[in-house]
Amino acid sequence: MAAGTLYTYTDNFRASKALIAAQYSGVELKVEKNFVFGETNKTKEFQQKFPGGKVPAFEGKDGQLLQDGNAIAFYVSNEQLKGKTDIEKAQVLQWIGFAESEVLPAGCAWVFPILGIIKNNPSTQEAFQRAKNDMKVTLTILNSHLQTRTFLVGERVTLADIVVACNLLNPYRYVMDPDYRRPFANVNRWFSTVINQPQVKAVLGDIVLCEKPANASAVAQSSGDAGKKKDEKKQEKKEKQKSAPAAKEKEPEEELDATEALLAAEPKSKDPFDSMSKGTFNMDVFKRVYSNKDESKSIPFFWSKFDPENYSIWFGEYKYADELSKVFMSCNLITGMFQRLDKMRKQAFGSVCLFGEDNNSTISGVWVWRGQDLAFTLSPDWQIDYEVYDWKKLDPKSEETKALVQQYFSWAGTDKDGRKFNQGKIFK
């Protein structure tokens with residue numbers, strides 16, 4: 001059995017392929033929880049095992065070593081995922097190649113400017129527009145193939161479905177809005193079928209489809225000052241490097257991996273929380289415990305470590321519940337807020353829950369952050385959404401607060417009007 005450890009950063013869609021395949025195959029694939037991208041994979045020990053330091057990387061219990069998400073996924077796959085006949089195996093490999101050569105390049109060129117991890121300039125805009133058109137060609141091919149098929153190969157999920165769906169995750173999440181994806185009904189049906197398989201949901205959770213993508217130029221404009229400072233630093237670095245020996249140029253794939261990892265990396269710009277006392281509560285440690293332990297252990301851990309002098313707990317409730325309609329649209333509100341608060345993640349944690357059903361739901365959550373005041377006022381970038389919520393500071397000593405923390409961190413119970421918990425999202 002191909003049991004072992006997977007080294008990767010959080011939310012790496014390349015690693016998700018292997019984790020999903022392991023779910024189907026019953027393989028014990030453990031994610032190394034102490035892995036830090038840019039640090040762990042740069043160590044001599046790591047690079048002796050995995051030259052170049054690329055992730056995801058796999059170390060089997062039997063000592064076998066592998067790099068590349070597709071290769072690892074193939075290794076941990078069972079016969080059904082790989083294809084039972086020679087022609088099925090060839091078709092699976094064909095679609096994996098299609099995912100890497102057609103889906104991924106168009107998706108990255110389109111999504112990265114939207115997320116602000118590729119600088120916006122005329123050449124980027126040209127690539128951005130070209131990527132939208134390239135993706136249409138790619139989806140048209142998929143749509144035609146899926147006209148009479150439930151899955152890409154055969155009658156059950158294979159590695160072909162897993163790899164193509166994972167490469168489409170970011171486009172579906174961030175840029176392919178309802179108007180764009182409307183012509184591709186077969187692809188949409190197939191994608192929804194795949195991501196709602198129990199083995200896939202165990203890894204990816206609930207996927208919220210894009211409702212309205214951000215504008216690439218707007219993203220660039222909003223980060224203009226930060227971009228200018230970054231440019232100045234780059235120029236200084238170039239001047240220093242003129243007199244230094246030439247360094248080895250990074251391979252394109254290494255650059256791409258580093259860019260993707262920015263989705264999970266800590267922001268390097270000045271943190272508005274830096275002026276506040278750090279106190280004794282380690283937010284990162286708590287998040288790791290919460291992510292890897294059951295609530296019966298992570299919530300007591302939270303209370304044993306919480307520092308009420310330097311951190312505060314808040315309850316936020318969406319003001320306009322009567323305007324909420326479809327549950328998936330309400331979830332998009334939460335996701336959109338989380339995306340816009342991305343630079344707040346280092347010093348904040350939130351569990352936001354949706355209670356009820358279509359046309360009868362509410363949104364509320366429990367948040368924890370450094371400091372004693374409402375954190376959103378610390379940065380103009382964080383003030384887009386917070387005013388549509390009523391905010392109440394909670395007393396960490398009260399039993400009512402402890403009950404709320406228990407409920408919201410556990411995703412359970414009902415809202416104040418008796419609506420049952422529907423689903424939740426974690427900001428961490």
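Residues are numbered from 1 along each chain as its sequence is written, and side-chain values use heavy atoms, with hydrogens and water left out. Because the model is predicted, local features need pLDDT of at least 70 and side-chain atom pairs count only at pLDDT 80 or more, whereas totals for chains, interfaces and linings use all residues.

Helices (H or I, at least four residues) and strands (E, at least two) are DSSP runs, numbered from the N terminus. Five strands form an open sheet in the order S8-S5-S7-S6-S9, with antiparallel pairing; two strands are taken to pair if DSSP finds at least two bridges between them. The edges are strand S8 (389–394) and strand S9 (421–427), each of which pairs on one side only. From one strand to the next, the twist averages 20°. Strands of a sheet pair through backbone hydrogen bonds, in either a parallel or an antiparallel sense. Strand S5 (residues 311–318) pairs with S8 in the antiparallel sense over six bridges. Glutamate 317 has aspartate 390 of S8 as its bridge partner. Helix H15 (residues 283–292) packs on the sheet and touches S5, strand S6 (348–357), strand S7 (360–370) and S9, where contact means heavy atoms within 4.5 Å. The direction of H15 makes about 40° with that of S6. Axes here are lines fitted to C-alpha atoms, for helices over the stretch in contact, and angles run from 0 to 180 degrees between N-to-C directions.

Two helix pairs involve helix H7 (residues 159–167). The axes of H7 and helix H10 (residues 185–195) come within 10 Å and cross at roughly 105°, which makes H7 roughly perpendicular to H10. Angles under 35 degrees count as roughly parallel, over 145 as roughly antiparallel, 65 to 115 as roughly perpendicular and the rest as oblique. On the H7 side the contact is made by Asp161, Val164 and Ala165, and on the H10 side by Trp190, Phe191 and Val194. By class, this contact of H7 with H10 has five nonpolar, no polar and one charged residues. In this classification Ala, Val, Leu, Ile, Met, Phe, Trp, Tyr, Cys and Pro are nonpolar, Asp, Glu, Lys and Arg are charged, and the others, Gly among them, are polar.

Helix H5 (residues 86–115) packs against H7 at an angle of about 5°, with the axes 8 Å apart; H5 and H7 are therefore roughly parallel to each other. H5 contributes Val92, Trp95, Ile96, Ala99, Glu100, Val103 and Leu104 to the contact, and H7 contributes Leu159, Ala160, Val163, Val164 and Asn167. The residues of the contact of H5 with H7 divide into ten nonpolar, one polar and one charged.

A salt bridge is a side-chain nitrogen of Lys or Arg within 4 Å of a carboxyl oxygen of Asp or Glu. By this rule the count comes to 13 salt bridges. One of them joins aspartate 385 and arginine 340, at 2.9 Å from N to O. This pair links distant parts of the chain, 45 residues apart: aspartate 385 is in the loop between S7 and S8, and arginine 340 is in helix H17 (residues 327–340). Aspartate 385 is buried at 12% relative accessibility, while arginine 340 is partly exposed at 37%. Buried means under 20% relative accessible area, exposed over 50%, and partly exposed in between (1.4 Å probe, protein chains only). Arginine 345 and aspartate 342 form another salt bridge, with the closest N and O atoms 2.6 Å apart. Both partners are partly exposed, arginine 345 at 23% and aspartate 342 at 33%. In the salt bridge between arginine 419 and aspartate 415, the closest N and O atoms are 2.9 Å apart; aspartate 415 is buried, with a relative accessible area of 9%. Salt bridges that share partners also join Arg14, Lys17 and Glu100 into one network.

Two single residues complete the description. Proline 213 is placed in the loop between helix H11 (198–204) and helix H12 (216–222) and is partly exposed, at 26% relative accessibility. Leaving aside neighbours within four places in sequence, proline 213 is in contact with Tyr174, Val175 and Asp177. The C-alpha atoms of proline 213 and valine 175 are 4.8 Å apart, with the two residues 38 residues apart in sequence. Threonine 138 lies in helix H6 (residues 122–145) and is buried, at 2% relative accessibility. Not counting residues up to four places away in sequence, threonine 138 touches Phe98, Glu102 and Val103.
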